[in-house]
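Hi,

Here is the structure I promised to pass on. Have a look at it first, and then read my notes below.

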Amino acid sequence: MDNVILFTTVRPAFGPVPSGVRTMSSSSPMPPARLVNTVRPYAWGSVRALAELLGEEPTGEPQAELWMGAHPGAPSLQRGGAGPRALDELIAADPVGELGPAVLERFGARLPFLFKVLAVGQALSVQVHPTLAQARAGFADEEARGIPVDAPERTYRDGNHKPEMICALSGFDALCGFRPCAETADLLDALRLPVLDRWAKTLRTAPEPEALRTVLAEALGDERGSGTAYAVAAALPGAAAAAAAAGGPHAAALAAYAAVVRDYPGDPGIIAALLLNHVRLSPGQALYLGAGVPHAYLGGLGVEVMANSDNVLRCGLTPKHIDVPELLRVVDFRATAPTVVDPRPVPGSAGDDVYPAPVDEFLLNRHTLTGAAQSVDGEGGPQILLCVAGEAALVDADGESLRLTRGQSAYLPAAAGPVQVESDDAVLFRVSVPSPAVQK
């Protein structure tokens, strides 16, 4: 079995990259190795989707995220002759061999990315991620104040930013970025709730950043059990369903909100959701999310890649801690269209598609194999491959082969060099660290 269910894991969080890291290099090429990964059983997870991908029997409980990588909160285990070892420990023991000199110089002795599978059964919290500077400052501040890294009131779990990309394996619904204020005012009008008239007027008359900040701050600042936000949350289930049934330009978004309020009855965070664009991804499409952009995933199965961080500031739809002052400092109060990313064929490589993203930490590729072998090359850096369909063999320069079936993943250290992927029917997603030239 290549996955474990996580109930409690507390490991030291990482901050800014320390100086003076060890730089022991490997004396021989290291072959690809299968990973044993952690399954996070968050309440919003699907009961069946992740188990079906992994070829396992459902546990009967929600299974939300499969983590592949070296984040200290749930590092993958790499199988080997000496027994399973945590990937973060392997990297710390031999950063040159595992990461390569170029990645080590740019990011220090840590894997720059975190790879996940998300199985969303109900809406996640509306959330936002900080910039790198905000994360470093916030992490240092909470460390100095002695707040335990696993404390419920902790905001910054580490000192890194968290740009991310989700690529749909099924139809996938999300909320992403503020909708233009006038359009949101029209949507609020469609709900026919007089209690929303004041906010609709604010959205139509105030400058965009001021209007968005005012509505979000007032909604999150309401006293529990009273105020406009709670009145809206109480009335919204029927109003959203009726407005969606009436049709119109916002019908799909209103139907999504109706489902959200069924999952989170009475939660004033629904106001934050009402401000956001609704987007539905088709399988193979991706959504990129940068710092400061509020978002929430509503339903579906997808692969997600991000900078190696677990920093989340929540806006609502959650019983967890909401740090309103810090949230209002981090949110980008501008209307932004969702950044939907379609796969682009890699020139000269049939069946290899890339999902470009304006980040230094990760690059996502999709490999569709129908008989011809493909070479995967991390260009001197580490890689993780995940098989989502069929069966494939990874063959290294020495002819050593590692078989991957649906739901299994493998880690390729920098020292592995190029590897051939052979299959008649497999689809794999691959995460690597782009070279500066690729990002330009």
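Predicted model: local features only at pLDDT ≥ 70, side-chain atom pairs only at ≥ 80, totals over all residues.

Let me start with Asn 365, which sits in strand E17 (residues 363-368). Is Asn 365 buried or exposed? Its relative accessibility is 4%, and because buried means under 20%, Asn 365 counts as buried. The side chain of Asn 365 makes a polar contact of 3.1 Å with the side chain of Asp 352. Beyond its neighbours within four places in sequence, Asn 365 is in contact with several residues, among them Val 346, Asp 353, Leu 428 and Arg 430.

Next comes helix H10, residues 251-263. With 13 residues at 1.5 Å a residue, H10 should span 18 Å, and its end C-alpha atoms are 19 Å apart, so the two values agree. The buried residues of H10 include Ala 251, Leu 254, Tyr 257, Ala 258 and Val 261. Residues three or four places apart on an α-helix point the same way, because there are 3.6 residues a turn. Among the elements that cover the buried residues of H10 are helix H6 (181-190), helix H9 (227-245) and strand E12 (295-307).

Finally, the sheet. Four strands make up an open antiparallel sheet, in the order E18-E23-E20-E21. Its edge strands, E18 (374-376) and E21 (401-405), each pair on one side only. On average, neighbouring strands here are turned by 30° against each other, direction ignored. Strand E20 (residues 391-395) runs antiparallel to E21 and is joined to it by five bridges. Across from Ala 392 stands Leu 404 in E21.

Best wishes

Methods: Residues numbered from 1 in each chain as written. Heavy atoms only, no water. Helix = DSSP H or I, 4+ residues; strand = E, 2+ residues; numbered from the N terminus. Buried < 20%, exposed > 50% of the residue type's maximum accessible area, 1.4 Å probe, protein only. Polar contact = N/O pair within 3.5 Å; in protein donor to acceptor, adjacent residues only side chain to side chain. Contact = heavy atoms within 4.5 Å. Expected span 1.5 Å × (residues − 1). Pairing = 2+ DSSP bridges. Axes fitted to C-alpha atoms, helices over the stretch in contact; angles between N-to-C directions.
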